[in-house]
Amino acid sequence: MRILLCNCNSPPSLTPIPPTPLQKPLSFLPGAAVWTKKTLITALTGALSLTLLASFPSPSLSRDSPSFQSPRPPQVSNPLPDRCTEEEIEEQLQQDKVELKPEFVTNEEIVQEAWQIVNDSFLDTGRHRWSPQSWEQKKEDISGTSIQTRSKAHELIKRMLASLGDPYTRFLSPAEFSKMARYDITGIGINIREVSDDIGGVKLKVQGLILDGPAHTAGVRQGDEVIAVNGEDVLGKSAFEVSSLLQGPNETFVTIKVRHGNCGPTESLEIQRQLVARTPVFYRLEQVSNGPSSVGYTRLKEFNALARKDLVIAMKRLQDMGASYFILDLRDNLGGLVQAGIEIAKLFLNKGETIIYTVGRDPQYQNNVVADTAPLVTLPVVVLVNNRTASASEIVASALHDNCRAVLVGERTFGKGLIQSVFELRDGSGVVVTVGKYVTPNHLDINGNGIEPDYRNLPAWSDVAQHLSRCNSLRQG
């Protein structure tokens, strides 16, 4: 199962699986016994998700991902020394043997998996239509039902999700789920997360990948540990650092070494990058009167896989051209990858300053996300917002505003402060589930409220400087 954490609209190229002829009455298993292993991926702990899909206010589809060329043959190497016992190795082998293929997944099991995901992860954000008891009753209502076709299973899942009363928790058909490649931040179709091991260390695990994407075609599988990139050991590196190492020009090759599973052999794989995203950044230098001699204007249309890299290039070029202020235009930016938004906020904030707080049922969604590096940009910033500034855009706007790094100008933002996870079901379809919400550094609940700007119209540049100075004085006092 793939999970994507993001703020975007839709999803890697999957082929719908025809209904299996083998049907049986729906029988639910305890959460621990469900045949699929559910792993939540948070974009707030270094995971660069193909999906932390906190969805757009008005869902729309991205363009189709192209087919990927087959890479060169992989090279298998001997297992690295590890801490796996013989029992753990045998358990891994048994798990590999019983793993179900998509074409053998029954309609009942697809419905069961969707029910279990909601049961484990869904956060009711105020409609009060969900409770463990009511959801358990939903399971009882459909237990024993024979579902004859895959389309009937999908319709049943849609009705289950609709009963939650959450407009952002929804079903994705295989075709809809196959539209997410532009949010691949690595360029090879994988999502990496930092995972603690049993002796206090950290491993980098593949927690999601695009089906039939470059990495998947080369032999990478979910749960593999990333050991090296282009011969460079990644021990001690963050998920974001390793994802950056994987990036490169379109259709060039990168070699990664992975360990399959927890105790399997290592394998060096040469993978051809296949970038789908287009740059979301537009920038120019403007000359102004009655103020600084030049202002660097940057418009960010969405938070996709190229957003941070291209924004850094634009900011550096504008600074070299003499910009003494920046305008960051987030109007009509409905969101995208949450992690991209967090990394962009870090470009402006001092180390240790809070970017966003998160709240959720699962402890992994109860976080204080802070900047961990020195800022790239220290010049004053004006952020332009409107009523279509949403999700990841609101995270960036509030982070810069509440830390006295920017003045907000325009209209109240949309107010989309929920965290969605996109879970892939075993037939190539998926479910988007609300799993948490965002709270600004000044402890404002974004969802349903939005962020009120400081000014409706662009103020004088002297007023911008005075506003930020007063903000910092109050903050320090």
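This is a predicted model: local features need pLDDT of at least 70, side-chain atom pairs count only at pLDDT 80 or more; totals for chains, interfaces and linings use all residues.
Let's start with Cys-471, which counts as partly exposed because its relative accessibility is 22%.

**The disulfide**

Cys-471 is bonded to Cys-404, and the two sulfur atoms lie 1.9 Å apart. What turns up when the whole structure is searched for disulfides? The search finds one. A disulfide is a covalent bond between the sulfur atoms of two cysteines. Is the one formed by Cys-404 and Cys-471 left-handed or right-handed? The torsion about their S-S bond is about -70 degrees, so the disulfide is left-handed. The pair ties together distant parts of the chain, 67 residues apart: Cys-471 belongs to helix H11 (residues 461–476), while Cys-404 sits in the loop between helix H10 (392–402) and strand E17 (406–410).

| Residue | Relative accessibility | Class |
|---|---|---|
| Cys-404 | 4% | buried |
| Cys-471 | 22% | partly exposed |
| Glu-343 | 7% | buried |

**Helix H10 and what follows**

Just after H10, Cys-404 adopts a positive phi of about 60 degrees. Is H10 itself largely enclosed or largely open? Since 11 of its 11 residues are buried, H10 is largely enclosed by the rest of the structure. Its buried residues include Ala-392, Glu-394, Val-396, Leu-400, His-401 and Asp-402.

**A buried glutamate**

Next comes Glu-343, found in helix H9 (residues 338–346). With a relative accessible area of 7%, Glu-343 falls under the 20% limit and therefore counts as buried. Which side chain does Glu-343 reach through a polar contact? The partner is Lys-346, at 3.3 Å. Setting aside neighbours within four places in sequence, Glu-343 also touches Phe-240 and Arg-308.

**Two helices side by side**

Finally, look at helix H2 (residues 107–121) and helix H3 (residues 132–142). Their axes are 10 Å apart and the helices pack at an angle of about 170 degrees. An angle over 145 degrees counts as roughly antiparallel, so H2 and H3 are described that way. On the H2 side, Val-111, Trp-115, Val-118 and Asn-119 take part, and they meet Trp-135, Glu-136, Lys-138, Lys-139 and Ile-142 of H3. Sorted by class, this contact of H2 with H3 has five nonpolar, one polar and three charged residues.

Methods: Residues are numbered from 1 along each chain as its sequence is written. Side-chain values use heavy atoms; hydrogens and water are left out. A disulfide is a pair of cysteine sulfur atoms within 2.5 Å. Helices (H or I, at least four residues) and strands (E, at least two) are DSSP runs, numbered from the N terminus. Buried means under 20% relative accessible area, exposed over 50%, partly exposed in between (1.4 Å probe, protein chains only). A polar contact is a pair of N or O atoms within 3.5 Å; within protein, one must be able to donate a hydrogen and the other to accept it, and residues adjacent in sequence count only if both atoms are side-chain atoms. Contact means heavy atoms within 4.5 Å. Axes are lines fitted to C-alpha atoms, for helices over the stretch in contact, and angles run from 0 to 180 degrees between N-to-C directions. Angles under 35 degrees count as roughly parallel, over 145 as roughly antiparallel, 65 to 115 as roughly perpendicular and the rest as oblique. Ala, Val, Leu, Ile, Met, Phe, Trp, Tyr, Cys and Pro count as nonpolar, Asp, Glu, Lys and Arg as charged, and the others, Gly among them, as polar.
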